[in-house]
Amino acid sequence: MRLELLPREHVSRLREWLTPIAAFCVALLIGGVVVWMMGRSPVAAFNVYVREPLTQGWAIQEILLKATPLLLIAIGLSYCYRADRWNIGAEGQFVIGGLCGGAVAVVTHGMTGGWILPLMLLAGIAGGMAIAAIPAVLRNRLGVSEILTSLMLVYVAQLLLDYLVRGPLRDPTAFNLPQSVNFDAVATLPALFAGGRVHWGLVFGLLAAVVTWFVLSRTLFGFAIRATGEAPRAARFGGFDERRVTLFCFLISGGLAGLAGVAEVSGQIGQLQPSISPGYGFTAIIVAFLGRLSAPGIVLASFVMAMILIGAENAQIALKLPLDLARVFQGLLLFCLLGGEALTRHRLVLGR
Amino acid sequence: MVKRWFLRFSVMIRAPPLVKGIGIGQSAAVIAPPPISEPPLVVLEGIVKRFGAFTANDHVTLTVREGEIHALLGENGAGKSTLVKILFGLLQPDEGIIRWQGKIVSMADPDAARQLGIAMVFQHFSLFENLSVLENIALGLSGRMADPVLARETADLARRYGLALDLAAPVWSLSAGERQRIEIVRCLLQKPKLLVLDEPTSVLTPQEAEALFITLEKLVADGASVLFISHKLDEVRRLCSAATILRGGKRVAHADPRQESTRSLAALMVGSDVEDVRRQASANPQAALRLRIDGLSVMPSEVHGVALKAITLDVAAGEIVAIAGVAGGGQKELFAAISGEEGHITAGRILLSGADITRQGINERRHLGAAFVPEERLGQATLPRASLSDNLVLSLPRRESASAAGWLNGGTLDAILSAIIKRFDVRGSARNPEARRLSGGNLQKYVIGREILRNPVLLVVNQPTWGVDAAATQHIRKALIDLAEAGAAVLVISQDLEEVFAIADRIAAICNGELSEAFPAGHITREDIGLMMTAGERTHPQAKHHPESADHAA
């Protein structure tokens, strides 16, 4: 006896949209079993992971805060993935963005002026673009796989940040602690609501999602991206320049990741530290695919993923479950989603 | 699993060869009871196969007797492939049964079919380019190694059936005909009782096809049966002793092709309402040159691609020039070089209406009035998952398809799509469906219509009607002829000799990246073209064949 996957002739829209929801439910069920096997009540875990984050004001705010970088990065990544270009170095682009923007804040420490914050944001975007351009140029000129180069540059970026906060950018008054000065108020991305912690980064993210939706569906450039990703021969037949598409996708992706980085250090952390990301750049890859590479999907997926992260923090406190369980859930979710997708496009047949 | 496979084949090898078991020639008649009482080798009864709302096979019955070459005739889309896939266990029927030598069997998968003694040569070969012929044969037979034993066995078999093969040659160096021989030998090594060939002659020159027929006749004389799938009537009448004809998924007739005329078979196959499109040759020596290719040499961009060698060709306004040739002769590379898609030009030049376009990209060439229809409908001419209106963007001038800021002009695209649908009778489930949702014929009409509506001065088409149903084929050919009559230059690259003779004013042949001279269609025969299609092996194809063709004409 054996199992076979046969392609379905027709897949309905409804089924396509129900798949991620079903995948989410299955992941929850399996997650419940994992929690149960660890000797905790799955119901309590569900409360802590899903219900509380969605019903309590402070938790919703934390979710929005965590969703902000995920959204910005994942939207950027969707350009690359739509064009079948594998940028998996968003983590590094995020770090460089935070570093460049943060460096502006450190250098202008003590100065005042409305130009400081915009300059920081621009520096962050430019930094992310610059490091993302490296894999694109290497691919275009030398045919180097962008998967390897973009990933390896993550470590370069992380170590560069680590070196700089221990060296040139260190706060001289901080008793040798590896951290920069606290940013001035003029170098801080303002909160959306007085007293709240959610900052303007969220607006940038939602704006990027709306623009992306239009670009990909209604512009020549978006068509070129789709063509390059879906049928490279058709892109060539259409006279689209594959290299240009590659470069632009990496620039957009890197720029948005960089913006996410500077928004995080400026709006949330308030200074530079040896590590400024709990892996947003990698989690955003999952977010991008969870959202089916479509802008509305990614908006939704980034909130779901943020909820899991917050839930894991809750669970650590309330149920003494390790924080790493969040990764287990992320993995489960991605696994269920990919499985669900395969089952949407194919049907399972029991062979002889 | 591996063990089971191995056991099966080791049993097969030790057991006496099945073909011999049936007996060679007369001995079979001695052992076998009178043919009337003998059940047919295989019977497919009342086969129904549906794909969603579409019924590919509608209560089809097919009977193949022992020792016959049975033709399965039908247009593209008539349901031949579906039926054969069911026979070979690749698809499961929704209704109907299969009897093998009188017993009901279920073909759960190709393994089951192979165990019964069915072997199949597909239209598309599954061979590893970088491996040798012998290695490829061994890979197709589980449990066998590319060792001297297999080499001897293969060589014996190849000699017996007249299948010339160099076992040590790497596959990439072989022609399509030679590749097909590998697949056939691989099948014959399994000692099949039934050999199924899916459109085997589509990649062969007329001479190679004749050699294949002789092989098949030898095979049948040894007691095996052949199911020969084709839509070429002359071949079927030459080779087959029985024919099952499908149309629109139904069996419309069972006939003895030797008793029928080509015309009566054609009427059964396509229905009587399809008229034959034929070009009235109209040479106008004063017509302006549209396309001039002058000593063009191109390095292929793919590893095992064909290099083009000093190609020279002229196409004048109002003229249809066809390039014949078997697959892999350099058609793809020539098309890419003329369209400017890819390929590294090392020598020569291409002129369009007198302007040198050798170094220009595909869009600049389009801007000068050229239009191109590539070989692959899905994935090259269109994005499978994009709508038809979005797919217009691929070949439309940028300033028409999008605003200066880069926004797509939805209204313009929609209007152009409506015009194409109306004029070229493109039928789909929706008005503006995704390209992959259209049938081959409708998608091809859309792709050709998209280019013709741009009123090009030069249209270059690669395989205009490959895999397209009869009605769409005639529609497309008519559109090409009309375009030429309206004054455009048309260059058609086609493997279909019938098509080449139906529409071309002048015909050239391509082989091994070399292009012959283009001869007026009325002055050469199919045999001449067949020789030209293999001419790459000879030194001076033109010098050799021109006088011959003149003789034929006289």
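Because the model is predicted, local features need pLDDT of at least 70 and side-chain atom pairs count only at pLDDT 80 or more, whereas totals for chains, interfaces and linings use all residues.

**Chain A: helices 5 and 6**

Select residues 116–142 and 146–166 of chain A, which are helix 5 and helix 6; helices here (H or I, at least four residues) and strands (E, at least two) are DSSP runs numbered from the N terminus. Their axes come within 9 Å and cross at roughly 150°, where axes are lines fitted to C-alpha atoms, for helices over the stretch in contact, and angles run from 0 to 180 degrees between N-to-C directions. Helix 5 and helix 6 of chain A are therefore roughly antiparallel (angles under 35 degrees count as roughly parallel, over 145 as roughly antiparallel, 65 to 115 as roughly perpendicular and the rest as oblique). The crossing of these two helices is right-handed, the term for a near helix turned clockwise from the far one by less than a right angle, with anticlockwise giving left-handed.

To see the contact itself (C-beta atoms, placed from the backbone, within 7 Å), show Ile131(A), Ile134(A), Pro135(A), Ala136(A), Leu138(A) and Arg139(A) of helix 5, which meet Glu146(A), Thr149(A), Ser150(A), Leu153(A) and Ala157(A) of helix 6. These residues divide into seven nonpolar, two polar and two charged, with Ala, Val, Leu, Ile, Met, Phe, Trp, Tyr, Cys and Pro counted as nonpolar, Asp, Glu, Lys and Arg as charged, and the others, Gly among them, as polar.

**Chain A: helices 7 and 8**

Next select helix 7 (residues 201–218) together with helix 8 of chain A, whose axes come within 5 Å and cross at roughly 70°. That angle makes helix 7 of chain A roughly perpendicular to helix 8 of chain A. Val215(A), Leu216(A), Ser217(A) and Arg218(A) of helix 7 make the contact with Phe221(A), Gly222(A) and Ile225(A) of helix 8, and by class the residues involved are four nonpolar, two polar and one charged.

**Chain A: two arginines**

Move to Arg292(A), in the loop between helix 11 (280–290) and helix 12 (295–318) of chain A. Its phi is positive, about 55°, although Arg292(A) is not a glycine. With 18 C-beta neighbours inside 10 Å, this residue counts as partly exposed; a residue is buried if 20 or more other C-beta atoms, placed from the backbone, lie within 10 Å of its own, exposed if 12 or fewer, and partly exposed in between.

Arg345(A) lies in helix 13 (residues 325–345) of chain A and is also partly exposed, with 14 other C-beta atoms within 10 Å. Leaving aside residues up to four places away in sequence, Arg345(A) touches Pro7(A), Arg8(A) and Val11(A), and its C-alpha atom is separated by 8.8 Å from that of Glu16(A), 329 residues apart along the chain.

**Between the chains**

Now display both chains: their contact takes 19 residues from chain A and 29 residues from chain B. On the side of chain A, helix 8 (220–230) and helix 9 (232–237) each supply at least two residues, and the largest share, six residues, comes from helix 8. That side has seven nonpolar, five polar and seven charged residues.

**Chain B**

Chain B contains 21 helices and 21 strands, and buried residues make up 46% of its 554 residues.

Begin with His59(B), in strand 2 (residues 54–64) of chain B, where phi is near 50°, a positive value in a residue other than glycine. His59(B) counts as partly exposed, with 14 C-beta neighbours inside 10 Å.

Then select helix 4 (residues 80–87) of chain B: eight of its eight residues are buried, so the helix is largely enclosed by the rest of the structure. Gly89(B), with a positive phi near 80°, follows helix 4 of chain B.

Finish at helix 17 of chain B, where 12 of the 13 residues are buried, among them Leu443(B), Tyr446(B) and Ile448(B). The buried residues of helix 17 pack against strand 16 (370–373), helix 14 (388–391), helix 16 (410–424), strand 17 (458–462) and helix 18 (470–485) of chain B.

Conventions:
Residues are numbered from 1 along each chain as its sequence is written. Chains are lettered from A and ligands numbered from 1 in the order in which they are written. Two residues are in contact if their C-beta atoms, placed from the backbone, lie within 7 Å.
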